[in-house]
Structures are given as structure tokens and as C-alpha cells.
Amino acid sequence: MLLKPYRTSSIDWRPSPVVALATSADDSQIAAAREDGSLEIWLVSAGSVGWHHQLTIHGDSTCRVSSLVWCSVGSKGLSSGRLFSSSIDGSVSECDLFDLKQKIVLESIGVSIWQMAVAPINKLPALEEPRSQHFGNGYLNAKYEYNDSNDEESCESEDVSDSEQVHQKQVEDRHVAIACDDGAVRIYTISDSDKLIYHKSLPRVSGRTLSVTWSHDSNRIYSGSSDGLIRCWNAVLGHEIFRSTVALGGLCSGPELCIWSLLSLRCGTVVSADSTGSVQFWNGDNGTLLQAHSSHKGDVNALAAAPSQSRVFSAGSDGQVILYKLSSESLQSGNDKSSFEMMKKWVYVGYVRAHSHDVRALTMAVPISSEASLSDEANDLQDEKGKKVKRIRCREKKSLDFSYGKWAHFGVPMLVSAGDDAKLFAYSAKEFTRFSPHDVCPAPQRVPVHLVVNTSFNQTSFLLVQASYWLDVICVRVPDVGSSPYGGLVTTNIVARVKSKACRKIICSAMSNSGELFGYSDHIKSSLFALSRQAGQSTWTISKRQLPQELPSAHSMVFTSDGLRLLIAGHDRRIYIVDLESLRLQHTFIPRCEEHEKEGPPSEPPITKMFTSSDGQWLAAINCFGDIYIFNMELERQHWFISRLDGASVTAAGFPPQDNNVLIITTSSNQFYIFDVEARQLGEWSMQHTFTLPRRYQEFPGEVIGLSFSPSSSSHPSKSSSLVVYSARAMCSIDYGKPVDQDNENDLVNGALLKFQGSLTNMKWKHLLRESQTESKLNSRKNNFDLVVFRDPVLFIGHLSKHSILIVDKPWMEVVKAFDTPPVQRHIFGT
């Protein structure tokens, strides 16, 4: 039976611009810093499965991040390395990816920091295979050369001059150069300690130092400033070697000519990007200008180079990402017509404009084949008898005929861009102008939404919408459409708005099934509120409930189904159970990866997702890397531990209301698991079908972000085995009580009902509905894993009843119009 779709686009959704990007030391992860202080970690993926948003670290919105560096120095064995961010307030923080917090490693130096650059590693570690080397935003972030056999030319390294001795740097004492607003470049040492150690400062210059980079041998530092000069420094002695005037090759020289980014290539060439729209190539040995390109129509904000060093990318305020390629020309030598010499030069290849606003950052990344390579966690599931269960491995899948699948392959570098439109795009580094860029996050900073139906307020349905600094409780009224299969638009109105104290960013929130209680947590504390209304009155009242003082701030919170207990996953990696009648702490869980592990302080990663069964017996707690901890809340002890499934992270989970012992899990590798919690094993359906999931689901558009079950009802106690799995791009109806259907060539276009829902009138809806019903009759043999593709980004999908769902979406152009800055103006021919 087709679900009757209702929808609303009234949710306020304003994602924050991306101001900086960085790639991990092993090239498998991307860090994106946003203007509101939050930091996102993305796992780079190839094929049709897409990227995975692994975790978010909420920072201080008053301290804008200016740059990111992610390096292997002092990483204490972590393959991804250590991630540092600098701020306009002059401080440097390290992002703790295990505890999901930022810690200050350099207190404010009193002036703004514009950019950081880590000195490259010159020597390959022993017994280690060469990996790809990439540059992004003016810093060298990896260690080895990538051999791109398809490149016509390569930028070969040249020997340094005799006067500059090569000093091999060990991993433990790498330096970071910081470009400061007072005109100085300060150099600090990164070690295993929690602080940056001051090393030296280069002489202060006129203007602001805006960009900095190291030479490939770490002997020289290049800095760019607001006076239009590039300066080359001896990194050991600290004196100036030469300076170059950017205005000579640029369009003009105003009162301030800002050099926003610098890039040093292995062949000794230095690339500069400035506020005149120019990208210039310089001889890094003597500072002479080699070539200048003025293809941008505004400030050039970022530079990046492909691992082969024969391709350079630039991006700027005109929304363009431009490719320059190193090519060779044969020139006649003197009067001898038979003598030729090769001359290399950088030529403009083309541009791609995927962003609607300024592009702020570029970086290079390499897709991974499995998340399992990022962790040394246990590779087996264990049952209650301690027997090892072989991990579930995915079969190799054939990519669909999509553009992204044609060029995104494991181990092949790709370019990533981000900017003021809050989006991230991935491009083919080899075939940049041939393929369209891939939209990594169609719904950036998706607004968390929670739906409760059949509340104690006359069966009214509520939406709890979590904005950055407030919570909205929204009443949802469904129109009476009779037996029509088209649902239409629901009516929404705000019942209450609760603002966070002192404008602190809200991290998580939850609402009880009765609608009477809701709460949230910021980075300081958790808060609980009660919603009430006098009988016969339309005025709503909000009262605050006092939670126990010992409760910490939370990464996640959830109410039990009966609304009698509140569960809080604290930042201290403990899970607290609060009795809501007495408002006292009832019990505390400490997640363990071993069932019989000795008592001690928490040692597992923070819990970021929690789900409870409808009978209140089971709690599934999931950490940020995908490990699952099952607790029996009746016996108040841990029942089971499930290591991350096939090395993948958990994207969504839940207990069906009609079956309390069933836990359903979806992963970032687009796998679907059903567990029998009480028996501590995979469910029978998963044992039969996990290896034979339809390709249309394994290549589901976008990352799965949620599940929705048909609500249980005392008047309809029959057990239902159907659910809806959804991403920002599509949804899939699954019935785990039925077998898996075979794939059909038309599966990915099935679902015309919702494909263009964003801007259709009722008449057009009815027309598409008739088409969808006709198509359903033609494909009536298939009633499981049906796919529906959306045009507009979807924020949330939830069941209103057994036969109807609510879709919360937002046309992207409406989001763009709400940005603080207008889109880039594009000239249209003939206007």
C-alpha cells in the first residue's frame, strides 16, 4: 500500500558557511570548519555510496576559524594525525576526535592569525609504502609523491642551492608557521605535549601577513602580505632572501593588494593568489615571475595542487574553480633550425562553477575502500558464549552509470571545494572539466527534527525543531483530504520557543512521546522543560524542571517510551538515567567493549546516538565510530557489545514499536542489519538476506540519515514489519517480513510521486500520482525496497499514522535566499 505523503517546508534552515578545509595525514578524511565554530569530519568515499559525515565538534561561535592543518606530527600512533585550527582571536586549538572537544594549545597571541602551514616531512619512514602527497590552502599536508601516469608533464624537484643546507626533520619536532595580522610570521614546534612550543619569529613587515607556506625541503618559508609582496625567508637563520612584487603581474595595485594564498611545488615554483583575481607562478629560487593568469573576476581565496604537481587549482569570490596545467612547447634554438629546446609553462585549462557563492577553501583527498582501515578496533562480533562470529563482508559492487561513479575510484585523488553556500563539492583531479562535480552534502548542517504523534494534548502531533540557539515546538495539523491518496501540505504553527542561555549552541535535544516534556543540552549543561495548557484555553505554558546538579553536558539524549526516564549520554562518556518523577539520578552506565572488563573510568569513545525499545527494557547506545552497546535497563547492566559492522559507521538505528527485541541498523556502507537483541545474534532475516540486498539499496542516493516506523496503536495491535529508510535525496520502503526482490533497470527512477514535489500544484500532483499508480501496476511484482527520489533536500521523514508520512523538506533556492551574502552575479548573454 502506498503511504499518503504530507509535507511541510516551513522549517527555518540556515546552514553556516565553510571557511576552511583540511585533509587527514592518511588522506582519507576531510575536516570542514564552519563560520559558526562547528567542525565536521567527513570520510572520503568513492563509488555511488557517497561520503559519510562521521562526527561534529561544536566550537565557540564567537571565535571564527581562519585555517586548519592536519598533520601526522606527534600523532601518538593515530593514522589520521592531529588536527589544529587557528582563530581570528589569535589562538590555536587542537580538535580531539576521540572526546569530541577542542582544547587550546596556544593562548591568544594578541593579534589575528590568518593562516598556518606545517613544515613538510622530508624523509620517508622506514618500512612504509609511499602514499599520495597533496597540498591545500597553501600548506603541505602529506609526505610522498603520487605517480599520475596520465599526466603529460610532471613538476620535478630541483636541487637546493649550496648555501642552504637541507635539514632533515623528524616527525617529533616538526614546525608550524603562523601568518599574523601584525606582519610577523611566528614559528612554533609541535610535540606530543598539549601546547605549541615557541621557536622563533621572522622579522615583522609592513602590512598584514595573510598567507604562508614552506618550501618542499623545509629550508625556506614564503609569506604573502597585504602590501602586495611575497617574501622568501631562510627558515633556519630567519633572514629575508628576496621579495617579489605581485602587482607587476597582476591587474592593478590598489591601496591594499592582499595575497590570500601561497603554494610551493616540488619543482621550486611558487604559486600566489591575490585580491586582484590573479594567479601567478614564480621562480622559488630567485623570485622572478614566470607566468600570470587573471581569469578570476574577484579575489582568489585558495590554491591546491594535484599529487603529481602538474595541475594547480584556484578558487575565489566569483564561485569559480579553475585548473592550470603544466605543458611543454618545443622552441627553435638560435639559428639552427634542427635544434629545439623544451619550454614548460602553465596554461589555463578551464573552470567549473558549482558554488553559488564565494569559494573559501580547497584541498585534495583520496577515497578509501573501507572504514575498517581507519581503526584498530576488534574485527569480530562476539556472542554471549564468547564465540567469534565472522564479520560480515560486502560483495564487490558494480557502480551505476552516474558521473561520480565514473571518475571517483579508490586511491585516486580528488579535489574538494567549499565556501559561503555551505556546500562541499568533489571534483575529478585528472578529468576536471570532463565530469560534473559531486555534491557531497545536499543538506549541509541538517536541522535535527523530532516528531511525536498522538500526544496527550488531544492527540495533537508535535515537531521539535533544534536550531543553533533555540528549540521550536511546532504543532502539526493534517488537512482532511478524505480518501484521496494525495496528502498535501500540513498546517504548522509554533507553540513555544525556548532559547538557550547566553546564546550557547545547542548540541542535542529530545521530546517525550506524550509531548509534555522536552529538553536540550549545550556544552555547559542539560536542561529540562515541561509543556502544559489549561483545559479550554489556547495559551501554552513552559516551566523549567531542575535536573540533578551532577549531570554533565550531553552528546545525545532520549526519553523512554513511557516518558518516565530521561537518558543522557554525557561528554564524560557515561550514560545517565534520570527518574523524571523524583528528578533524581537513578543509574549510570559506563560502556565497555568487553563484557567482563574490570571496573574503571570510561575508556570508550563518546556516545552520539541512543535508541530505546518501546517496553523500556533495551537501550542501544552508539559511539561516533559505529560501535554499539546494548544495555538492559531492567537489570541495569550492559547486555551486549557489537563491534562496528564491516568497519562502517552507524548512520541510523531504531527498535520497531511492535517488536522490542529487534534492533535495526543502517551503516555508512549502505548495509541493513537486523539484530535479535535478547539472543545476541543477527536476526534470521539478516542471515538470509544481508549478502543479497538489492543493488538499488546498496547504491542508495545519499547517506542514510534516519528510519521511521509505523507507530504502534492499542486499537491496531497487529505486528508490522515495514519501515522507511531515508536520506536527504531519497527514501526506501523496506519490509523485513518479506523476501528481497530482484533488481530492475528502472528501479532508480521509480517514485514519480515525490520526485518533483517541491514546486508542484495540486493538479500536477494528481497527474504525477496517476503516473505513479500506473507504474506501480506495471511493477506490482515488486513490493520491497521501493525507492523514491526527491528533488529538494529532505530534512526529516516520520510516520504520522500507519498509512501516512510527514516529509520535512526545503527547496535549496529558498535556503540560498536566506544567506547573509547574495549569490555571485553571473552574466547572462543578451542582458
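Strands, like helices, are DSSP runs numbered from the N terminus, a strand being a run of E of at least two residues. By that convention serine 509 lies in strand 39, which spans residues 508-511. The views below are all drawn from a predicted model.

**Figure 1. Overview of the predicted protein chain.** The chain holds 6 helices and 60 strands. Of its 831 residues, 60% are buried. When contacts between residues at least 6 apart in sequence are considered, 57% of them link residues at least 24 apart. The accessible surface is about 34,400 Å², and carbon and sulfur atoms account for 49% of that area.

**Figure 2. Serine 509 in strand 39.** Serine 509 belongs to the strand formed by residues 508-511. Its side chain makes a polar contact of 2.9 Å with the side chain of glutamine 466. Beyond its neighbours within four places in sequence, serine 509 is in contact with Leu464, Gln466, Leu471, Gly519, Tyr520 and Met557.

Figure 3. Alanine 502 is located in the loop that runs between strand 38 (491-499) and strand 39. Cysteine 503 is found in the loop between these strands as well. Most residues other than glycine have a negative phi. Alanine 502, although not a glycine, has a positive phi of about 55 degrees, and cysteine 503 likewise has a positive phi, near 55 degrees. With a relative accessible area of 62%, alanine 502 is exposed. Cysteine 503 also counts as exposed, at 58% relative accessibility, because the cut-off for this class is over 50%.

**Figure 4. The largest nonpolar core and leucine 463.** In soluble globular proteins, nonpolar side chains tend to be buried together. The largest nonpolar core here contains 32 residues, of which Ile11, Leu463, Met731, Ile797 and Leu806 touch the most other members. Two or more residues each are given to this core by strand 34 (449-452), strand 35 (461-466), strand 36 (470-477), strand 56 (722-726), strand 59 (794-801), strand 60 (804-809) and helix 6 (812-817). Strand 59 provides the largest share, 5 residues. Apart from neighbours within four places in sequence, leucine 463 is in contact with Ile11, Val449, His450, Leu451, Asp472, Val473, Ile474, Val476, Phe796, Leu806 and Val808.

Figure 5. Four strands form an open sheet in the order 6-7-8-9, with antiparallel pairing. Strand 6 (65-71) and strand 9 (101-106) are at the edges; each has a single partner strand, so one side of each lacks a neighbour in the sheet. From one strand to the next, the twist averages 30 degrees. Within the sheet, strand 7 (residues 82-87) pairs with strand 8 (residues 92-96) in the antiparallel sense over 4 bridges. Leucine 83 has cysteine 95, in strand 8, as its bridge partner.

Figure 6. Strand 2 and strand 3 (residues 29-34) run antiparallel and are joined by 5 bridges. One of the bridge pairs consists of threonine 23 and isoleucine 30, the latter in strand 3. The hairpin has 5 residues between the strands, and aspartate 27 in this hairpin takes a positive phi near 70 degrees.

**Figure 7. Serine 553, a buried loop residue.** Serine 553 is placed in the loop between strand 42 (540-545) and strand 43 (554-559). At 4% relative accessibility, serine 553 counts as buried, because burial is defined as under 20% relative accessible area. Serine 553 and histidine 523 are separated by 30 residues in sequence, yet their C-alpha atoms are 5.5 Å apart in space. The serine 553 side chain reaches the backbone oxygen of histidine 523 at 3.5 Å. Setting aside neighbours within four places in sequence, serine 553 is in contact with Ser521, Asp522, His523, Ile524, Lys525, Ser526, Ala569, Gly570 and His571.

**Figure 8. Glutamine 617 between strand 47 and strand 48.** Glutamine 617 is situated in the loop connecting strand 47 (607-612) and strand 48 (618-623). Its relative accessibility is 16%, and glutamine 617 therefore counts as buried. Residues up to four places away in sequence not being counted, glutamine 617 touches Phe631, Asn632, Met633 and Glu634.

Methods: Residues numbered from 1 in each chain as written. Predicted model: local features only at pLDDT ≥ 70, side-chain atom pairs only at ≥ 80, totals over all residues. Heavy atoms only, no water. Pairing = 2+ DSSP bridges. Axes fitted to C-alpha atoms, helices over the stretch in contact; angles between N-to-C directions. Polar contact = N/O pair within 3.5 Å; in protein donor to acceptor, adjacent residues only side chain to side chain. Contact = heavy atoms within 4.5 Å. Buried < 20%, exposed > 50% of the residue type's maximum accessible area, 1.4 Å probe, protein only. Areas by Shrake-Rupley, 256 points an atom, 1.4 Å probe, with all protein chains shown as cover. Core = buried A, V, L, I, M, F, W, Y, C linked by side-chain atoms within 4.5 Å.
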